[in-house]
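Thank you for making time for this at today's meeting. Before I start, please bring the model up on your own screens, so that you can follow along as I go from one part to the next.

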Amino acid sequence: MCAMPAPVPPPIAVENLVKIYKTIPAVGGISFTLKPGSVTGLLGGNGAGKTTTIATIMGLVLPTSGRLSVLGAEMPKERYRVLHRMNFESPYVEVPMRLTVRQNMTVFGMLYGVENIRERTAELARQLDLTDLLDRPTGRLSAGQKTRVALAKALINNPDVLLLDEPTASLDPDTADWVRGHLERYCRERHATVLLASHNMNEVERLCERVIIMKRGRIEDDDTPAKLLARYGRGTLEEVFLDVARGEGIHSEAAQ
Amino acid sequence: MTDRADSGPILPSPGSRRRWGGSSPQRIGAMMLRYWYLLRSSWPRLLDLVYWPTVQMVTWGFLQYYIANNAGFFARAGGTFIGAVLLWDILFRGQLGFSISFLEEMWSRNLGNLMMSPLRPFEFITALMVMSVVRLLIGAVPVTFLAIAFFGFNLYGLGFALVAFFFNLMLTSWAIGIFVSGLILRNGMGAENLAWSIMFLFMPLTCVYYPVATLPGWLQPVAWALPPTYVFEGMRALLMQNVFRLDLMLYALVLNAVFFAAGVFAFLKLLQSARRHGSLMQTGE
């Protein structure tokens, strides 16, 4: 008789997550579970709780209550068991500007325990068109180039779980599209699980197979983009977002 | 295409392969490399390491030279001023070196990257301690040679005593540096000034330039509660009476153990508090 295989833990599981800063609630009891290899968008206006949710998943912020697990490790208690398999990109942090791109890749490669850092750096530089910039100080690069460096840092350890907080914010449409293309490719090839917070609806529509919409710290809706569009009777996610943000609810007759 | 349809088992952190009390020498090395790259890339940073110790030593050296030639008592106290200046610099620059490396992370908005990486607090602290020694050596070693050239004062002539003085002063500087870094973590850059100024509170109390007996009686117990006081008293005993006071060094060591443990404890508590209050996401003012 064959032994039953151990159940595979979800890449990210959030259960009744609450975060209150002093008396101000930032996240008010949200729950969701991500499937392996999925790309999920986290939508919401400013102050909806997206960044706090991501920071809590990474262990940067302690939850007030609720349970969180990443790749089967209880967060934040067991975060050091899985942090080397995760990575993130956020506009709230920067890659050190005085160090060259290569030096940054070396330092972060060592921090994440990457083997063959030189090869990995060269590979990422090729993929992200950074080869000619490797020996330039990061601070002297353009905004688009810096974003590519930040993305290279986020991918240095080939993460299984990638958390992205507005990865294309303040980029021109061409660079933003290029970054999205690379993310798409990475997720497809690595089968990585991605949680993406964004204000850019095109980005979410293109990359995400599931969308969680947050408002005032709570989940307002959670479905595939197609089902959301159908349910709200709208043609774009932007319209759905506006309906949720303005509290106008579901428009389609079928849903009513 | 890699087919990995599950999230996989929890694997040990690759950087922890060569375990060292739960820490990874590779991650500590990564942080040291990061600070070394930074130092190497900026000549003003390197110059700053040497500039103030040199100015201090030269100023006090000439003052001592003047006094020694004009007062009998001070003539006997040969080297105490320059010795005090050099030892004070170990204490002050040691703490500053620790704090500045830490502040570099705040200034460059890199702290979030580190706190969300596999780097552990103890590894971070260890890297900062090692870098404080590196920065100190870059700044202080040339100055000790200048002291020989200008005033004939050879700090290395103190021999084993210098090792004991150095070790005790570094322990205090780390303890204070760790505590201040915790305060900055928790309170943001509003607490940055502490990094620059806190050691000056120690200057009068630890009796850098005068014996503890100079202080009013009620203040003397406070002075004796601070580890550097024993080092400066020990230095005066050595230079003026030719006696190495091992007892003073042992007292300093015991107090330093308490200070260091308290500094690490406070840092971890403040880090915990920063995580609770979300301060790590707002590392600005």
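Predicted model: local features only at pLDDT ≥ 70, side-chain atom pairs only at ≥ 80, totals over all residues.

If you look at A:Lys215, you will find that its bridge partner in β10(A) is A:Arg218, and this pair belongs to a hairpin that β9(A) and β10(A) form with two residues between them. In the turn of that hairpin sits A:Arg216, which has a positive phi of about 45 degrees.

Is β9(A) mostly covered or mostly uncovered? Five of its six residues are buried, which makes β9(A) a mostly covered strand.

Now let me widen the view to the sheet, which is an open one of six strands in chain A, with mixed pairing and the order β6-β7-β8-β3-β9-β10. Its edge strands are β6 (86–89) and β10 (218–223) of chain A, each of which pairs on one side only, and the twist from one strand to the next averages 15 degrees.

Helix α4(A), residues 143–155, touches β6 and β7, and its direction makes about 165 degrees with that of β6(A), while helix α8(A), residues 237–245, touches β3, β9 and β10, its direction making about 30 degrees with that of β9(A).

Finally, let us turn to where the chains meet, a contact that takes 43 residues from chain A and 39 residues from chain B. Which helix gives the most to the side of chain B that touches chain A? That is α1(B), with eight residues, and by class this side of chain B has 14 nonpolar, 16 polar and nine charged residues. Helix α1(B) itself has 16 residues and reaches 22 Å from its first C-alpha to its last. Its buried residues include B:Ile28, B:Met31 and B:Tyr35, and among the elements that cover the buried residues of α1(B) are α2 of chain A and, from chain B, α4 and α6.

Technical notes:
Residues numbered from 1 in each chain as written. Chains lettered and ligands numbered in written order. Contact = placed C-beta atoms within 7 Å. Helix = DSSP H or I, 4+ residues; strand = E, 2+ residues; numbered from the N terminus. Nonpolar A, V, L, I, M, F, W, Y, C, P; charged D, E, K, R; others polar. Pairing = 2+ DSSP bridges. Axes fitted to C-alpha atoms, helices over the stretch in contact; angles between N-to-C directions. Expected span 1.5 Å × (residues − 1). Buried ≥ 20, exposed ≤ 12 C-beta atoms within 10 Å, placed from the backbone.
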